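Please keep the structure in view while reading.

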Amino acid sequence: SRTTRQSRNMATTTSTSSTDLVVEQFPCLSDNYGFLLHDPVSGDTAAIDTPDGNVYHQVLQDKGWTLTHIFNTHHHQDHVGGNQVLLEQYPKVQIYGPA
């Protein structure tokens with residue numbers, strides 16, 4: 001079992017075994033956080049909301065992950081603002097959100 005919690009400028013990683021999801025939390029915009037969920041078995045990586053696509057892309061590159069899914073909780077700019085940038089970087093990404 002592993003849990004790492006650090007300051008506002010650092011990521012938070014939570015994992016309990018190699019088959020569990022890895023949760024990556026990182027600062028995004030001046031008042032938000034970004035969240036990535038990564039399945040080390042399938043290689044799938046999902047973003048929960050996308051305030052800043054460039055920040056997400058950098059974290060994904062740093063981790064060596066490929067974005068496969070985006071889940072938008074609602075349509076505010078600080079939740080969907082990075083979708084277009086990420087779609088350009090990851091053209092096969094599947095984006096889900098409320099109608």
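In this predicted model, Val22 stands opposite His38, a residue of strand E4. The points below begin with the strands around this pair, go on to the nonpolar core, and end with an aspartate in a loop.

**The hairpin of E3 and E4**

- Strand E3, made up of residues 22-28, pairs with strand E4, residues 32-38, in the antiparallel sense, and 7 bridges join the two.
- Between the strands of this hairpin there are 3 residues, and Leu29 takes a positive phi near 60° there.
- Strand E3 is mostly covered, since 5 of its 7 residues are buried.

**The nonpolar core**

- The largest nonpolar core contains 14 residues, and those with the most contacts inside it are Leu36, Tyr56, Leu60, Leu67 and Leu86.
- Two elements, E3 and helix H1 (53-63), each give two or more residues to this core.
- Tyr56, when its neighbours within four places in sequence are left aside, is in contact with a series of residues that includes Phe26, Tyr33, Leu36, Ile48, Asp49 and Leu86.

**Asp49**

- Asp49, which is among the contacts of Tyr56, lies in the loop between strand E5 (45-48) and helix H1.
- Is Asp49 buried or exposed? Asp49 counts as buried because its relative accessibility is 8%, and the cut-off for buried is under 20%.
- The side chain of Asp49 also reaches the backbone nitrogen of Thr73, at 2.7 Å.

Notes
Residues numbered from 1 in each chain as written. Predicted model: local features only at pLDDT ≥ 70, side-chain atom pairs only at ≥ 80, totals over all residues. Heavy atoms only, no water. Buried < 20%, exposed > 50% of the residue type's maximum accessible area, 1.4 Å probe, protein only. Helix = DSSP H or I, 4+ residues; strand = E, 2+ residues; numbered from the N terminus. Pairing = 2+ DSSP bridges. Core = buried A, V, L, I, M, F, W, Y, C linked by side-chain atoms within 4.5 Å. Contact = heavy atoms within 4.5 Å. Polar contact = N/O pair within 3.5 Å; in protein donor to acceptor, adjacent residues only side chain to side chain.
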